[in-house]
Amino acid sequence: MPTPLLFLLHADPTGGVERVERADPARPHVSVSDLSATRGDGVFESIGVFAGRAQAVEAHLTRFARSSAMLDLPAPDLDAWRRVVDEAAAAVADEPHVLLKLVWSRGDEFGDRPTGWLHAFAMPDHAAEHEDGIAVVTLDRGYRSDVAETSPWLLQGAKTLSYAVNKAALREAERRGADDVVFVSTDGVVLEGPNSNVVALVDGVLVSTPPALGVLQGTTQHDLFAWAEGQGRPTAFRAMGVDELRRASGLWLTSSGRLLAPVVTLDGEPVAVHAELTRAAVEHLRSRTR
Ligand code: PLP
């Protein structure tokens, strides 16, 4: 079945799913007073599907539940969501790259139940970025690296629908002639991209930022590290400074859609590119069976 596809998950006030409805994605379905639209008050997940194989489903569902809990939303019924993910992935098995977007909002401002839907749509082939790499700029996120601990109401580390700041950062990158962003904390710690995690190869170790520092726990980064460990390549979570990124022997942004984007310049300066590792890792990540 060709994309786009839409599944509406009609929820009860506690988050249980009463009914799943296949709907026409070309028609409007969300109310103008839904808090997803008016406040960005909800959470989402984006799951990559390669030739019918939905990737890292359990990790995405676990994060969906964790983000919901951070926003005090009703807990989503993960069994119901899993069934819809599986149905959608099976329906798009003929397409090479599809993204499933799962959305869970606090619901209609004048109602009493959350709103949920799953939208499946074709995503572009990222082969050119895998080969040619991306230009990245560092931007100050304006928070200290301990913000998740000191100010949990800022929801750092939750995948909320409020991505206006992330989109603004990407526009700033474009103004600076770059493709993407690495956010840095006010105390100089490398955080994450607006929709990716940062991974650097430093002294033979693949390093990423600890989720405790207010970054999203990445499903792609997690599977990349598991694969690398299996290849005998050590991995670590620790705080890095921008200088470490500059002298890394490979630098990537990881995310479910693009998988692994090698960074070729950082703030206009070339950084080392590890094409072999990029190719092997992309191949592995694309062929995950779950
Ligand atoms: N960090 C942020 C802020 C993101 O939005 C994303 C992706 O959606 C990621 C990291 C990467 O997460 P994943 O690899 O699970 O897609």
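This passage walks through the ligand site of a predicted model and then a handful of residues around the chain.

The model is predicted, so local features need a pLDDT of at least 70 and side-chain atom pairs count only at pLDDT 80 or more, while totals for chains, interfaces and linings use all residues. Residues are numbered from 1 along each chain as its sequence is written, and side-chain values use heavy atoms, with hydrogens and water left out.

Helices (H or I, at least four residues) and strands (E, at least two) are DSSP runs, numbered from the N terminus.

One belonging to Thr219 lies 2.7 Å from an oxygen atom of the ligand, and one from Arg63 lies 2.8 Å from a ligand oxygen atom. Taken alone, the ligand exposes 390 Å², and the protein buries 95% of that. Such areas come from the Shrake-Rupley method with a 1.4 Å probe; for residues, only the protein chains shown count as cover.

His97 is in strand E5 (residues 97-105) and counts as buried because its relative accessibility is 11%. Buried means under 20% relative accessible area, exposed over 50%, and partly exposed in between (1.4 Å probe, protein chains only). The side chains of His97 and Arg286 are joined by a polar contact of 3.4 Å. That term stands for a pair of N or O atoms within 3.5 Å; within protein, one must be able to donate a hydrogen and the other to accept it, and residues adjacent in sequence count only if both atoms are side-chain atoms. Neighbours within four places in sequence aside, His97 is in contact (heavy atoms within 4.5 Å) with Val49, Phe50, Ala122, Met123, Pro124, Asp125 and Arg286. His126, for its part, lies in the loop between strand E6 (115-122) and helix H4 (127-132). At a relative accessible area of 16%, His126 is buried too. Beyond its neighbours within four places in sequence, His126 is in contact with Gly257 and Arg258.

Ala54 and Ala89 are 35 residues apart in sequence, yet 6.0 Å apart in space, C-alpha to C-alpha. Setting aside neighbours within four places in sequence, the contacts of Ala54 include Ile47, Gly48, Val85, Ala89 and Thr289. Ala56 lies in the loop between E4 and H2 and is buried at 7% relative accessibility. Although it is not a glycine, Ala56 has a positive phi of about 55°.

Leu155 has a positive phi as well, of about 60°, and is not a glycine. Leu155 lies in the loop between helix H5 (147-150) and helix H6 (164-175), and its 23% relative accessibility makes it partly exposed. Pro4 lies in the segment before strand E1 (5-11).

Asn195 is found in the loop between E9 and E10 and, at 40% relative accessibility, counts as partly exposed. Leaving out neighbours within four places in sequence, Asn195 is in contact with Leu170, Thr254 and Ser255. Asp243 belongs to helix H8 (residues 242-246) and is exposed, with a relative accessible area of 56%. The side chain of Asp243 makes a polar contact of 2.7 Å with the side chain of Arg246.
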